Amino acid sequence: MERASSFPSRRRLLKGAALAALPYSLLPGTRATAQAADVDFPGAEWTQANTSNYTASNRPVAYPLDYVIIHVTQATYSTTLSIFQNPQKKVSAHYLVRSADGHVAQCVREHDIAWHAGNWDYNTRSIGIEHEGWVDQPAYFTNALYEESARLTASICTRYGLPKDRAHIIGHAEVPGTDHTDPGPNWDWTRYIRLVNFA
């Protein structure tokens, strides 16, 4: 009887190397991941919020979509993602836009209700977009952030037949009953609406 070696056999190493060389999509169990990655906005990265932080729905059948609500995170991009993934936080947004390069993460599907507005009626009837930054630090509102966010908002407005105007694209501060001030006085609404209309 041969003694078991504490080192892996050559055959085992070769099998492991062959598996490592396989494309991820060919491995078992990736089908669900591929479906989850079917984002609503092409180019967005799927980074799902914890299911405890939003409400499953079937919008716009269950609720009409009337608004895009613009937010500023008051936190970094990575911190915001970790907040959305923490089931204790009870908060989420559909999208998050990174300051440095305008990268878009989708955290909640558009047909579901993200908990972003602090007003249930507005949550049910809106898509929430968070932007990395602080209301009193305008350097976070980069060209890339404005341009990619405007492309995202234009896409949402087109898909749901929303006019691309300030009556339908609003700031968090404009939600009835809110105590939030974002996106704040440094957000350039004139520029943003122009970019949305030209996207």
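Helix H6 (residues 189-198) lies across E3, E7 and E8, and it runs at about 150° to E8. Helices (H or I, at least four residues) and strands (E, at least two) are DSSP runs, numbered from the N terminus. Angles go from 0 to 180 degrees between N-to-C directions, with axes as lines fitted to C-alpha atoms, for helices over the stretch in contact. The model here is a predicted one, where local features need pLDDT of at least 70 and side-chain atom pairs count only at pLDDT 80 or more, while totals for chains, interfaces and linings use all residues. Residues are numbered from 1 along each chain as its sequence is written, and side-chain values use heavy atoms, with hydrogens and water left out.

Now for the sheet itself. Six strands make up an open sheet with mixed pairing, in the order E1-E5-E4-E7-E3-E8; two strands pair if DSSP finds at least two bridges between them. Strand E1 (45-46) and strand E8 (169-171) sit at the edges with a single partner strand each, so one side of each has no neighbour in the sheet. Further in, E4 (residues 95-97) and E7 (residues 126-131) run parallel and are joined by three bridges, with Val97 standing opposite His131 in E7. Helix H5 (residues 143-160) packs on this sheet and touches E3, E4, strand E5 (104-106), E7 and E8, contact being heavy atoms within 4.5 Å. The direction of H5 makes about 175° with that of E7.

Aromatic rings come next. Rings of Phe, Tyr and Trp (its six-membered ring) pair if their centres lie within 6.5 Å; planes under 30 degrees apart are stacked, over 60 edge-to-face, and the rest tilted. That rule gives nine aromatic pairs. In one of them, the rings of Tyr146 and Trp187 have centres 4.8 Å apart and planes at 45°, so this pair is tilted. Arg59 and Pro60 are joined by a cis peptide bond with omega of about 5°, and Pro60 is in the loop between strand E2 (54-55) and E3. Another cis bond runs from Asp182 to Pro183, with omega near 10°.

Finally, the largest pocket holds about 370 Å³ of space. On a 1 Å grid over the protein atoms alone, a pocket is an open set of points where a 1.4 Å probe fits, with protein on both sides within 12 Å along at least five of seven lines; lining residues have an atom within 4 Å of a point. The volume is the space filled by probe spheres set on the points. This pocket is lined by 23 residues, with Thr73, Val91, Glu130, His172 and His180 nearest its centre.
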